[in-house]
Amino acid sequence: MVFDPRTLDQPKDISAYRDQRYQGSVRDQELALRTSCTLYVGNLSYYTKEDQVYELFGRAGDVRRVIMGLDRFKKTPCGFCFVEYYTREDAELALQNISNTRMDDRVIRADWDAGFVEGRQYGRGKHGGQVRDEYRKDYDPERGGYNRAIAQKSMVE
Amino acid sequence: MSRRRQNDEEDEIQMKRRRGAPLIGDVEKKLQEVIGKVGDKNTGSSIEANLEKLTAFLHDDLEKYRSSIIDIVAGCAIYLPNRVTVYTTLVGLLNAKNFNFGGDVVEKLIAEQQDLLLKQKYQEAQNLAIFLCDLGNSGVLTAQSIGEYLESFIAAAFEENMPQVRNDYYIQTVLRCLPWIGKELTEKAQEQMENIVEAVGKYLEMRNKNHVPLLRVWREGSTDQEQEDYLESLSAQIENLRTANWMQNHIPRYYNTFEAVLQDALQHNLPSFSSPEHTSDMIYPYPLVVFRLFQDADCGTDSQLPSGHSIDRFLFEGEISWIIEKNQFNRKSCARELLAFADENPTAPVGFLIFETIFGQMLRLPHAPYPAIFHCSLVLELLKLKPNDYPNILCKTVDLIFSRADSMQPICIDRMVDWFSFHLSNFQYRYTWDEWKDCISNDEFSGRQVFLREVIEKCRRLGSYEKIIAALPSDFVKIHPASPEIRYLLDEEDAMSQRAETFTQMFQERQPADAFLKELKSTDENDELPYNINEFGVFVTVMLKMASKTYSHNFSALFRYKDTLKTVCDAAEQYQEKLLETLYSCWKSNQQMLMILTDKLLKMQIIDCSSVVGWLFDEKMWQEHNRQWLFEVLNQALEKLTRQINVVEKDIKDLTEKVESKEKVTEAGDVKMEEETVVDEKLKGEMEELENHKEKLDRMVSFQRNLFNDFLIAFVEEIKSAATNTSEMDGSGDVGGSESSKFLWLRGRFCHVLLAHAETLLKHSSSIAEEVFSEGADPNISECFNQFQSLRF
């Protein structure tokens with residue numbers, strides 16, 4: 001029925017971001033994103049711990065597992081994680097209500113993820129962490145200070 | 001890129017098909033948009049002018065897109081109830097131009113109403129009743145027929161041998177319609193109006209009201225705000241409104257502007273309402289209790305807060321609820337629309353009413369209408385949009401609720417704790433903590449201290465131990481949470497320490513699950529148990545210690561040694577007890593760990609629900625009964641069991657349908673011989689499966705019933721003992737017996753359990769009445785159960 005809030009669909013719409021390294025066809029990826037129970041959560045502090053993620057995202061439903069994103073070389077947290085729920089509904093609830101709230105005083109951002117695959121827990125930047133930590137312009141003490149490029153330059157100088 | 005986009009579009013279409021949503025054309029989309037927006041304010045012209053334009057526009061296309069327009073109008077009537085008078089005016093204007101159109105709309109709405117009731121969408125069906133009644137104001141329906149329509153609701157409420165909740169719903173529907181149509185009925189359908197008023201009075205007199213105390217957020221007599229039964233309160237307000245000749249300032253009557261056009265229109269007769277047949281599996285809305293937080297003095301604004309007994313207060317609450325309902329999946333648009341609503345009504349302190357309504361919903365018993373996390377994020381959003389005013393209102397809300405916490409039901413305190421800790425985690429845990437320090441010297445069962453203690457604990461989990469301690473004033477030490485470290489109790493003196501070393505080494509060598517089983521085998525011939533139970537405890541301790549770093553470590557340890565744990569735990573119940581006891585002694589100071597690991601063990605079926613319940617209600621654990629986590633674990637475990645039962649029930653339903661449809665095919669006899677045998681065998685297999693499922697369900701349901709009975713008996717015993725021995729030891733203060741805060745708290749927890757599992761427990765209620773509350777039960781406790789039973793009276 002028209003105007004039924006359940007069919008208005010805004011939250012079910014998936015964002016424009018696509019993982020460029022997805023193994024599979026575009027169609028598979030779309031279907032996976034629309035049926036997945038997994039969220040990608042970004043803009044975490046490097047100091048945020050797994051149990052905090054459980055506590056916060058547990059507010060939206062039963063969490064199956066949390067996978068913390070790690071620096072590829074140092075194996076330390078690098079500012080993102082995956083949260084997998086048992087049901088799509090719970091994941092939707094988290095996306096609607098937890099994304100864009102704060103954890104460790106940072107506005108965190110959640111998005112659909114096509115599902116965790118081994119290897120994806122590692123940062124993809126040259127330095128081992130996330131790519132965005134190589135480009136961002138601000139000074140962010142909870143994510144290692146300045147971006148890697150600037151940090152390296154200032155070390156040389 | 002374009003290839004990709006094309007694919008996206010295709011997929012979208014595919015998705016829509018799969019979901020069964022019809023594909024709509026551009027024109028329909030446009031119609032939907034213009035009709036949906038006609039009630040918007042701040043468009044530069046008045047709603048009346050917009051309505052006039054829209055009427056002209058639609059009238060041109062009426063024949064071509066008739067059914068689409070009718071569908072859209074029906075959607076508006078069901079899902080945009082806060083714009084009811086806008087759309088009834090629109091239908092009125094169109095009806096004045098095209099008599100048949102009005103009739104078709106009415107017919108459609110009646111069909112939809114029946115359909116909604118069959119689907120048990122009571123709120124939506126009620127919206128339609130209001131809409132239909134309001135069509136009497138816009139010249140579409142005759143007052144006489146509306147009077148008769150409402151009388152038929154009354155008749156439905158007086159049918160014999162029906163659940164009271166069903167009757168309540170029909171009476172409530174009539175009462176909710178009256179603010180819109182009462183005046184018209186009084187003038188033009190006097191006889192029906194009088195009948196309705198008389199019947200409602202009679203109904204309320206004979207109605208059972210036992211459930212009311214159980215649904216109150218605060219214990220009776222503990223606040224100056226009355227927490228009246230909703231239906232009675234509404235009825236009283238309607239009576240006042242009637243005496244005041246239906247004068248109220250709230251409903252915007254757009255049709256009045258068009259009186260000249262509308263009064264000449266031909267009117268239809270609304271057919272009587274026929275209530276769908278009642279079946280035993282129908283679940284009606286629970287009764288409600290009015291929730292009021294603020295009084296005029298609290299608001300301190302120039303605008304006047306309508307009194308708790310006025311119809312305006314009630315209508316405001318209703319409208320705010322409608323806006324929330326409509327935007328329940330989008331906190332941002334919800335906050336925006338609420339704010340717009342406040343701006344549209346500068347004469348009342350709507351901000352206060354918004355927070356009152358939100359917290360009323362959050363604390364509604366037995367269940368809040370939306371997931372708690374939605375209310376949490378909605379509050380944040382509201383503060384963001386109005387940073388100068390709303391934080392103050394929120395502070396007042398929290399202060400008021402905190403000041404009444406001593407008499408608050410534990411289930412409601414839990415909900416406040418969950419919300420407030422989340423909220424503070426968005427504001428660096430900063431709060432005027434100092435103002436609350438008085439309650440630290442209260443006894444440990446006092447609601448205010450429980451609230452404070454649990455908020456701090458949950459803040460610790462959302463942030464960190466260091467952060468929350470730093471945010472608290474120094475004199476809060478008494479209620480600081482414990483540092484959430486694992487407690488490893490095996491020291492070198494311990495006789496078991498050697499075994500611990502062996503296990504540690506085995507873990508380090510990554511020995512398989514079997515090796516541990518062999519190692520745990522009992523060597524004592526007198527031992528009746530196959531595995532040495534104390535060594536099992538050591539094994540678990542060492543495992544937990546080695547995995548203590550993160551949840552991921554814990555989970556992988558549990559999966560790796562699942563066979564060891566499961567084989568041992570399956571051998572005898574004692575091992576499950578040992579496992580849980582060991583878990584508790586290791587992680588006592590980390591409640592979150594206790595919760596998550598217990599849950600994991602349940603999911604992995606290493607332990608079962610009854611051992612968890614047995615553990616939590618063992619006398620050894622009574623010391624934890626003033627904490628929230630224990631009841632969270634309990635309710636989670638019980639809830640899981642219910643969900644498993646629901647899954648089996650659904651399987652049975654699906655299988656039954658499958659078998660029945662096949663039987664029909666076979667009976668029809670169109671199938672050829674050889675095919676028939678194939679079908680027969682398949683059918684036979686399915687019927688067998690069905691039988692198995694039914695047996696399984698019976699087993700599970702009786703397991704559940706016994707579990708609840710045993711546990712409730714144990715709980716009642718504990719509460720009784722709290723009433724008789726109130727020693728100085730437990731810090732329960734001077735008052736003894738059934739007035740002590742410990743007794744009241746535990747009894748409140750008992751109500752919490754009843755309410756949290758209301759659907760299940762109401763099914764088992766006769767067995768519980770017999771087993772738990774037979775003769776000699778403490779009247780103070782059995783009273784709660786009686787109240788509970790009348791929830792579905």
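Mentor: Let's begin with a term: a residue is buried under 20% relative accessible area, exposed over 50% and partly exposed in between, with a 1.4 Å probe and protein chains only. In chain B of this predicted model, buried residues make up 54% of the 793 residues.

Trainee: Before we go on, how should I read the numbering and the cut-offs?

Mentor: Residues count from 1 along each chain as its sequence is written, while chains are lettered from A and ligands numbered from 1 in the order written. Because the model is predicted, local features need pLDDT of at least 70 and side-chain atom pairs pLDDT 80 or more, whereas totals for chains, interfaces and linings use all residues; side-chain values use heavy atoms, without hydrogens or water.

Trainee: How many helices and strands does chain B have?

Mentor: Helices (H or I, at least four residues) and strands (E, at least two) are DSSP runs numbered from the N terminus. Chain B has 36 helices and zero strands. With a radius of gyration of 31 Å, close to the 28 Å of the globule rule for 793 residues, chain B is as compact as a globular protein of that length. That radius is taken over C-alpha atoms, and the rule is 2.2 Å times the number of residues to the power 0.38. Along the principal axes, the C-alpha atoms of chain B fill a box of roughly 100 × 85 × 70 Å.

Trainee: What share of the contacts in chain B with a separation of 6 or more comes from residues 24 or more positions apart?

Mentor: Contact means heavy atoms within 4.5 Å. The share is 76%.

Trainee: Into which domains is chain B divided?

Mentor: Such bounds come from an automatic or database domain assignment. Here they give domain 1 (24-259), domain 2 (300-463), domain 3 (495-588 + 590-623) and domain 4 (637-790) of chain B. The C-alpha centres of domain 1 and domain 3 of chain B are 60 Å apart. From the UniProt record comes "domain: MIF4G" at residues 28-242 of chain B; UniProt positions follow the numbering used here, feature names are shortened, and annotations may be inferred rather than shown by experiment. Residues 28-242 of chain B are 74% helix and 0% strand, with end C-alpha atoms 42 Å apart.

Trainee: Is B:S421 buried or exposed?

Mentor: B:S421, in helix α20 (residues 410-425) of chain B, is buried at a relative accessible area of 0%. Beyond its neighbours within four places in sequence, B:S421 is in contact with A:R59, B:V455, B:K458, B:C459 and B:L462. The side chain of B:S421 also reaches the backbone oxygen of B:D418 at 3.2 Å.

Trainee: Turning to chain A, which strands pair with β3(A)?

Mentor: Two strands pair if DSSP finds at least two bridges between them. Strand β2 (residues 63-70) of chain A runs antiparallel to strand β3 (residues 77-85) of chain A, joined by six bridges, and A:I67 stands opposite A:F82. Strand β1 (residues 38-42) of chain A is also antiparallel to β3(A), over five bridges, with A:T38 partnered by A:E84. Eight of the nine residues of β3(A) are buried, so β3(A) is largely enclosed by the rest of the structure. β2(A) and β3(A) make a hairpin with six residues between them, and A:K75 in the turn has a positive phi of about 55 degrees.

Trainee: Which UniProt feature lies at residues 37-115 of chain A?

Mentor: The UniProt record places "domain: RRM" there. Residues 37-115 of chain A are 23% helix and 39% strand, and their end C-alpha atoms are 8 Å apart.

Trainee: Which residues does A:E142 touch?

Mentor: A:E142 sits in the loop between α4 (132-135) and α5 (148-156) of chain A, and counts as partly exposed at 28% relative accessibility. Leaving out residues up to four places away in sequence, A:E142 touches A:S45, A:Y46, A:Y47, A:D104 and A:R106. A:S45 is 97 residues from A:E142 in sequence, yet 5.1 Å away in space, C-alpha to C-alpha. A polar contact is a pair of N or O atoms within 3.5 Å; within protein, one must be able to donate a hydrogen and the other to accept it, and residues adjacent in sequence count only if both atoms are side-chain atoms. One of 3.0 Å joins the side chains of A:E142 and A:R106.
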